[in-house]
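The following explanation leads the reader through one structure, from a single residue to its surroundings and then to the chain as a whole. Please keep the sequence and the model in view while reading.

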Amino acid sequence: MKSYRDLEIYKTSYDLAVKIHNASLKLPQYELYEEGSQMRRSSKGVPGCIVEGYGRRKYRQEFIKFLTYAHASCDETIFHLNLVKDTHQDMASLFEPFIKPYEDLSTKIHKFIEYVDKHWNKL
């Protein structure tokens with residue numbers, strides 16, 4: 001692992017954040033700066049925290065702390081996706097397809113945190 005760019009969780013989270021950003025811009029005007037902004041920030045927080053944690057990987061607890069923040073941002077994004085899906089039924093088909101990939105990503109981040117915790121000195 002030479003870079004955070006080699007991590008599957010980074011690649012996936014970055015790709016999803018770009019897609020969420022673009023999809024959120026299709027929300028009604030009044031939601032662009034409310035729910036849309038929250039969704040964009042939480043989705044971009046996932047790869048951002050992975051990058052920051054990787055930069056601090058020399059320190060096990062710092063690495064785990066930022067991976068935990070990434071995990072929390074991932075789960076927050078799932079919340080926002082569900083909320084938009086349920087409050088804007090006419091747009092559910094736009095946001096619902098992101099829920100399962102974020103749930104899968106959440107699981108992968110959790111497993112990576114466990115891996116780092118057990119094998120930190122081998123990274």
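Ile9 touches Ile50, Leu67, Leu105, Lys108, Ile109 and Phe112, when residues up to four places away in sequence are not counted; contact here means heavy atoms within 4.5 Å. The model is a predicted one, in which local features need pLDDT of at least 70 and side-chain atom pairs count only at pLDDT 80 or more, while totals for chains, interfaces and linings use all residues. Residues are numbered from 1 along each chain as its sequence is written, and side-chain values use heavy atoms, with hydrogens and water left out.

In soluble globular proteins, nonpolar side chains tend to be buried together.

Where does Ile99 lie? Ile99 is placed in helix α6, which covers residues 99-119; helices (H or I, at least four residues) and strands (E, at least two) are DSSP runs, numbered from the N terminus. With a relative accessible area of 9%, Ile99 is buried, a term that means under 20% relative accessible area, with exposed meaning over 50% and partly exposed in between (1.4 Å probe, protein chains only). Beyond residues up to four places away in sequence, Ile99 touches Leu81, Asn82 and Lys85. The C-alpha atoms of Ile99 and His80 are separated by 9.7 Å, and these residues are 19 residues apart along the chain.

The aromatic rings come next. A pair of aromatic rings is described by the distance of the centres and the angle of the planes. A search of the whole structure finds 7 aromatic pairs. Rings of Phe, Tyr and Trp (its six-membered ring) pair if their centres lie within 6.5 Å; planes under 30 degrees apart count as stacked, over 60 as edge-to-face and the rest as tilted. The rings of Tyr4 and Tyr54 have centres 6.3 Å apart and planes at 70°, so this pair is edge-to-face. Because Tyr4 lies in the segment before α1 and Tyr54 in helix α3, the pair ties together parts that are 50 residues apart in sequence. Tyr54 and Phe63 are also edge-to-face, because their ring centres are 6.4 Å apart and their planes stand at 80°. Both Tyr4 and Tyr54 are buried, and both Tyr54 and Phe63 are buried. Ring pairs link Tyr4, Tyr10, Tyr14, Tyr54, Phe63, Phe112 and Tyr115 into a cluster.

Asp6 is found in the segment before α1. Its relative accessibility of 43% makes Asp6 partly exposed. Apart from neighbours within four places in sequence, Asp6 is in contact with Met1 and Lys11.

Finally, the chain as a whole may be considered. The chain has 6 helices and 0 strands. Of its 123 residues, 45% count as buried. Among contacts with a separation of 6 or more, 72% are between residues 24 or more positions apart. The C-alpha atoms fill a box of roughly 50 × 20 × 20 Å, taken along the principal axes.
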